[in-house]
Amino acid sequence: MEKRKLSFWQIWNMSFGFLGIQMGFALQNANASRILQIFGADVHELSWFWIIAPLMGLIVQPIIGYYSDKTWGKFGRRKPYFLVGAILASIGLVLMPQADIFIAFLPALWVGAGFLMIMDASFNIAMEPFRALVGDNLRTDQRTAGFSIQTALIGFGAVMGSWLPYALTNWFGVSNETSAGVVPSNLIWSFIIGAIILIISILITVTTTKEYSPEELASFDNESLESEEEKESSSLWDIVDDFKKMPVTMRQLSWVQFFSWFGLFGMWVFATPAIAQHIYGLPHTDSASKGYQNAGDWVGILFGIYNLVSAFYAFALPYIAMKLGRKRTHAISLIIGGLGLLSIYIMPNENWLIVSMIGVGIAWASILAMPYAILAGSISAKKMGVYMGIFNFFIVIPQIINALIGGPLVKYAYNNEAIFALMISGISFLIAAVLVYKVKDVDDVVQAV
């Protein structure tokens with residue numbers, strides 16, 4: 001038996017929930033540091049609060065992947081997980097920027113960090129099953145296209161989330177002014193709108209997508225289903241055994257992922273203070289002035305630009321990979337992104353940063369698509385969920401390391417100049433590009449030019 005070939009719109013609907021997930025994720029990425037600074041966090045403390053995100057990924061994704069592999073019921077295999085994750089993430093989105101209403105119980109900073117944790121755990125509950133769903137439902141010859149469409153939707157969602165605060169202020173007159181310890185109205189409303197769109201987009205995927213049963217997946221791979229004895233003897237600790245037995249391709253990709261995501265984390269955490277200081281000329285202690293709020297809104301625009309670029313570049317990726325191969329495509333994309341980040345240092349004003357973000361967007365699209373397309377061809381369908389979850393180790397571990405050392409480096413090595421954190425991110429992308437060439441892509445197909 002063979003999996004059915006899906007149309008463009010079937011693949012689009014299958015991945016549509018990622019639009020809402022990434023809209024919420026983009027709101028968090030562009031504004032969490034800004035919100036935490038408003039609640040009282042110093043610049044060098046930001047990475048310590050952000051450690052919550054990769055820790056949640058490290059804990060949640062392998063567990064969700066393991067159980068989603070074992071799940072089959074009335075609502076399907078993967079769909080129940082990303083529906084629950086979306087509901088919980090929406091709660092976090094609504095309440096994080098309004099953490100000051102809980103100051104009777106705890107300091108707003110700690111409440112805000114708590115809702116950041118809820119959001120991150122929930123995004124991870126939703127994201128991993130989406131990755132596995134693409135691997136489950138698509139044939140080998142459609143996987144690159146499937147992950148690329150998913151990347152495009154991620155890009156469109158991230159543009160919406162990144163630009164929303166700026167749009168509300170400049171197009172609809174919602175205030176971005178603030179007083180000490182109070183998040184501006186444009187951010188509060190942006191997070192509420194993001195929560196609503198998240199729920200709607202997930203429901204579109206849930207209601208339009210059909211999943212294959214475990215029996216069908218086994219027949220496609222000519223593998224037997226687990227016997228009742230095997231099901232009874234299996235446990236969550238099997239993840240450790242699966243980790244030890246991970247495919248060679250996955251081990252090789254782990255180093256590419258490490259340096260890619262080390263760089264991304266540094267950019268997400270320190271972009272706002274870096275640009276506020278280096279481009280707008282503000283002191284590192286400023287987190288409440290009108291200039292700082294304008295810098296924060298502009299960072300949202302820049303993040304939207306790199307996500308918009310990634311959305312369109314994602315549509316080109318299958319064709320570029322067909323001609324150049326997935327490895328070479330990914331390496332070139334990472335080099336362009338690394339140079340984009342490094343160029344921030346020499347840009348004369350905030351408008352020139354758009355050029356830098358074009359490069360970052362090209363790398364971001366490839367990071368979201370190529371490693372998963374390469375990985376999916378090297379693992380069994382019945383282990384798709386758990387291995388996608390384990391693969392997330394190599395996304396979150398570099399972020400945890402950056403979270404632990406990034407803040408102290410900014411304070412003690414960079415003299416509170418956060419721009420140098422972005423320079424390290426650019427160098428990390430270039431290292432990842434070199435390591436791509438060591439990866440064995442077992443089912444890549446390259447056409448002669």
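Predicted model: local features only at pLDDT ≥ 70, side-chain atom pairs only at ≥ 80, totals over all residues.
1. Phe312 counts as exposed, at 51% relative accessibility.

2. The structure holds 17 aromatic pairs. In one of them, the rings of Phe156 and Phe312 have centres 5.8 Å apart and planes at 85°, so the pair is edge-to-face. This pair links distant parts of the chain: Phe156 sits in helix α7 and Phe312 in helix α13, 156 residues apart.

3. Trp261 and Trp268 also make an edge-to-face pair, 5.8 Å centre to centre with 65° between the planes. Trp261 is buried at 7% relative accessible area. Trp268 is buried at 3%.

4. The largest nonpolar core has 128 residues. Ile21, Met96, Phe123 and Trp268 touch the most other members. Helix α15 (residues 353-376) gives the most to this core, with 16 residues. Beyond four places in sequence, the contacts of Met96 include Ala32, Phe39, Phe115, Met119 and Phe191.

5. Phe191 is also among the buried residues of α8, as are Asn186, Gly194 and Thr205. Helix α8 (residues 185-208) has 24 residues and reaches 35 Å from first C-alpha to last, close to the expected 34 Å. Its buried residues are covered by elements including α2 (17-38), α6 (108-137) and α13.

6. Pro283 lies in the loop between α12 (248-278) and α13 (290-324). Pro283 counts as partly exposed, at 46% relative accessibility. Its C-alpha is separated by 9.4 Å from that of Asn416, 133 residues apart along the chain.

Terms used
Residues numbered from 1 in each chain as written. Heavy atoms only, no water. Core = buried A, V, L, I, M, F, W, Y, C linked by side-chain atoms within 4.5 Å. Buried < 20%, exposed > 50% of the residue type's maximum accessible area, 1.4 Å probe, protein only. Helix = DSSP H or I, 4+ residues; strand = E, 2+ residues; numbered from the N terminus. Contact = heavy atoms within 4.5 Å. Expected span 1.5 Å × (residues − 1). Phe/Tyr/Trp six-rings, centres within 6.5 Å; stacked < 30°, edge-to-face > 60°.
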